[in-house]
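Hi,

Here is the structure I promised to send over. Have a look at it first, and then read my notes below.

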Amino acid sequence: MGDAIAPLQRIPERREPTREQPQVQARDDAGSQTSSIPDAIGSLQRAVGNRATGLFAAQRLAVGDGDTPAGVADIGVQREPAAGAATVAPAPANYRSAAQMMAMTLSDLKRYADAEVEWANNPALLDAQRETLWRWVQFARDDDANLAGCGKSTVTSLEHHADTDDKRRWLSSYAGAISGARSTARIQTAATTVDQMILWGEQLFRLEEVMSGPTVNRIIDEDAWKLLSKDKALVDYIIAYVRYSNPVLDADNGSEITSIAAMRKENTPYQNYVAVLPEVKNYHRFLDAGLKQVAANKNDTSKTKPLTLVLHSALDHNGAFHRDPNMRDVLADKRNLTLLIEGAEKLDDVRSEIGPLADMYGRPGADGKGKIDQLMIAGHGNANLIELGGSMEMGNVGKMAEQDDNLKVADHASTLLIDELLVHMDPASPHHKVVFNACLTNSNAVDSKTIRDGVAAGMTPADAVKAAMKKSPSFTAWLADQAKVVNVAGIEAIGANNSIATVPLQDARTGALDLRDPDDPAATGTKLQYTEKGAEPLGVMRSVVESWAMDKPATLDAMQRRVRARTVVDWRSHIVTKIFEIILANYPDDIVTINDFSEWAGSLGEGNHKEECRVGPMTPPTTIARHMPEITSYLLSKVNTADIPHLPLVLHETELILGIGPAAKFLASLSGFNCKTADEFVDARVMTKSAEMLGALDAAHLHGQLLIALLDTARNDSPTADSKAFLLANGVKNDALTAAAGTILARAASEDKILNRLGIVPKAPPAEPDAAAAVPGHKPADQPDADPAGDKEPAVHVDPVQLTGQAAWPFGEIDVRAKPDAAAASVGKLLEGSPLTIVGKTDDWFAVVYNLRVVYIERAMVDLDVSDKPEPFAAKGVVSDKDDCDVFASPDDSSKQVGALLLGDVVTIVTRTKDWYGISYEHGTGYVHQSSVHATRLKFTRIPSTKGTVTLADAPFYDNFKAERKEQGKLVVGDLIDVVAKIEDEVGSPTAAGGTFFAFKKGATTGWIDALGVALAH
């Protein structure tokens, strides 16, 4: 069945020891060496990073029976494990046979191993069986994603199919994807068999090797994954293409995958194009007929045809330009000699190619130099910019982000490039035009504040609008101005008033470049025409503002005609009609408020695209927020929301957050979603309304309530009290999630994680009928034994944990014992530095894995690792990063960014990993990098009762050590006290106490005293 402990054979990263680390030795009670701990035990150690620096800072606080000074119980300290761990008896009262454990699901195996810390000590188990079971216990404990993705599979099935290191690695890769815990493909539909899980994980693993997990996350959505999961040959093709061509992979809606699949079907010879068309980066985005003709054109230096130059953006976030047949027609038109520059990172890279291309291929102009006849610039655009240069790089939120070098109005590098193009164009050539194949390049974006400032300075509102447009012109207006600057007259610039889609790009009769939108004929018309006839809401509203400034009466008349006609083209027409009605009824003379509708109208217009539909863009300016419920109600009555279920969800969610809509509408909009499918649309800010959503059971909207409460709990270590209370009352039965809650959770987290965060310990499965027979004299799990050791002594309780560390006792060999009791038999010895896998703890002992069994070592002899998993850590912190401090959903910068903090912000730290702090943030836990926060925390150390002498006259003592401490009395010089503990800084400075304090006893008096006033006996 493969290697023993195969998936766990990786040694943890270790700090450099100051001396050679001795090997772990097992000895008999006489001290003679009997065997070496198998290498397999070392493989059980998880790579967890840097070591903890303070041994006693990790220990549980207990001053002793009746000896706790006032205030000790309030000390914030690090505790391991996480809250909610089970409390169980260590003695093997509930042993299960190997067959019984193998028949469990992975979730049940973990629960049983957590509940029965000493399960591996069952004498009926063979070592080979222990190895197998340890492998899957560790797999379950390694990552909650493994439980979320594979928890319902039986251990037998997992072991049978995932019988090698690679297969287990792929299984974990799949689990990270289906749970959403890892930055990889956005898979929402789970695999149905273990073999399929492994296959999918392998495909993901291979894809990530060539393009990184964050890139896979960006470009592979659920639909793209469905295509890939059915076609291994396509995965192979994509891997080969990416390795050979190194394309820019940007589109976040699956278009990169579907385009590469189409290129494969077309049999595009991309290997040849790498050499022949090096100035093109992304061959999959073009139809081969166009590329083939461009490659042929590069061999034609006869200068007999007019030169058409296409500059094409490297970036395309939604695949709008992919495999455009109209672009193919431009590139393949043999009436022109067309060349293509695509995928450049910098504008300067493009500019350096213009002159040489014009000289080599352009027909001579009046000055004898080669000239460009017509030019197209293609890329996503707006009023005063067009995407052109760019690349994809890791962003500051752990996701791939566009690093753009855009053409921008009046920008220095952009001006140099436009001027270089214009001086190489010839007004006497057949076409002499520049076409912007980009959105909104003929529109004017006007800032409302600029209008207000102009009016405050004495302008009329109309003149203030005109001044704003002159200050920040549209792209077409700016290019016309630049043509005059470089003295190239007669160049025609064509841009769009709207957000154009895939449209014809040339005059079929002449081969001249053009821009015509059959679905929006007024796209290149006048502003007044576009006000009345335009389709795209943002373009229409910008046209209204510009036209209003030129001729207010004509503009209002055009708006009235449009409202009366109620011409319906698509979803966007409804938006324009309703906004026009509101403006005409309330703001016909208020150009500032009219302008406030512009950008919001554009966001509403994109709302039917799920990639664009989010609370942020759907939030209107405060000046017009009161109209949102009216607009929402109207729009949703005009469309089939079954086709766009995300739209009512986000609109009603936005209203709820703004306090202008009821929770019931938002909850109802969640009816067709589960935690996985709703996650991208549910904004963390909606939890500010948790009481309204979850304060009482709403039977009609139970699905939505469960979804919100579960999603909050899956996202946050500390979900809201409302979420917890609601789930405990309505989502949990018999200490397990209800079937409805489990279905809605949809593997967004494991059920165990949800239950733990609710304060519930997941129960081990009930024993099978033959459980008692597995080991004679032991009771099954459903008959707990109050005295498992049979010695008439109270059971010592052990909490299950998942920790690693090293033996740390420099005074000689360390005994490991059969029970957590110094009088128990020694079953072996360890040397300092021996690596430890820790599976349980008591106040004074750790349970560790030793020769595949569980034994005990005193906690004082263990140095814990600082894990890459969050461990409890109580502290205060101040943001020290001069830049914004990003807050993430998990201790990983590839996780979702949930907010940001500013320099000087004070935070409450509740957990830490080796690099991250978990902080209380917006009704949950967020994570910030430790380098961005200066933390202060008090370290408590228990001191074996030590005599001290008061050295300060009238030394005050207090009820606690905190800044708000209250004086309880005074001691005099020479008073003798018993010091039992001290509090001091562990990290940062200063402490809340302002120094080090001792906890002391003096007869019946207890309290806290400043350590500066006490001399300890030595």
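Let's start with a term you'll need: a nonpolar core is a set of buried Ala, Val, Leu, Ile, Met, Phe, Trp, Tyr and Cys residues joined through side-chain atoms within 4.5 Å. Keep in mind that what you're looking at is a predicted model.

With that term in hand, which residues touch the most other members of the largest nonpolar core? They are Trp-119, Leu-171, Leu-207 and Ile-220, out of 94 residues in that core. Take Ile-220: leaving aside residues up to four places away in sequence, Ile-220 touches Ala-185, Arg-186, Leu-207, Trp-225, Leu-228 and Ile-257. There is also a second, separate core with 84 residues, among them Met-469, Tyr-530, Ala-663 and Leu-667. As background, nonpolar side chains tend to be buried together in soluble globular proteins.

Now the chain as a whole. The protein chain has 1018 residues, and 55% of them are buried. If you take the contacts with a separation of 6 or more, 71% of them join residues 24 or more positions apart.

Helix α8 (residues 194-211) packs against helix α11 (residues 232-245) at an angle of about 10°, and their axes are 9 Å apart. Angles under 35 degrees count as roughly parallel, so α8 and α11 are roughly parallel to each other.

Next, zoom in on helix α3 (residues 106-115), which is mostly covered, with eight of its 10 residues buried. Those buried residues are Leu-106, Ser-107, Leu-109, Lys-110, Arg-111, Tyr-112, Ala-113 and Asp-114. What do they pack against? Their partners are α2 (98-102), α4 (127-142), α5 (144-150), α6 (155-161), α35 (751-757) and β15 (799-807).

One last stop: Tyr-856, which sits in strand β20 (residues 853-858). Is Tyr-856 buried or exposed? Its relative accessibility is 1%, so Tyr-856 counts as buried. From Tyr-856 to Asp-844 there are 12 residues in sequence and 10.0 Å in space, C-alpha to C-alpha.

Cheers

Definitions and conventions: Residues numbered from 1 in each chain as written. Predicted model: local features only at pLDDT ≥ 70, side-chain atom pairs only at ≥ 80, totals over all residues. Heavy atoms only, no water. Axes fitted to C-alpha atoms, helices over the stretch in contact; angles between N-to-C directions. Helix = DSSP H or I, 4+ residues; strand = E, 2+ residues; numbered from the N terminus. Parallel < 35°, antiparallel > 145°, perpendicular 65-115°, else oblique. Buried < 20%, exposed > 50% of the residue type's maximum accessible area, 1.4 Å probe, protein only. Contact = heavy atoms within 4.5 Å.
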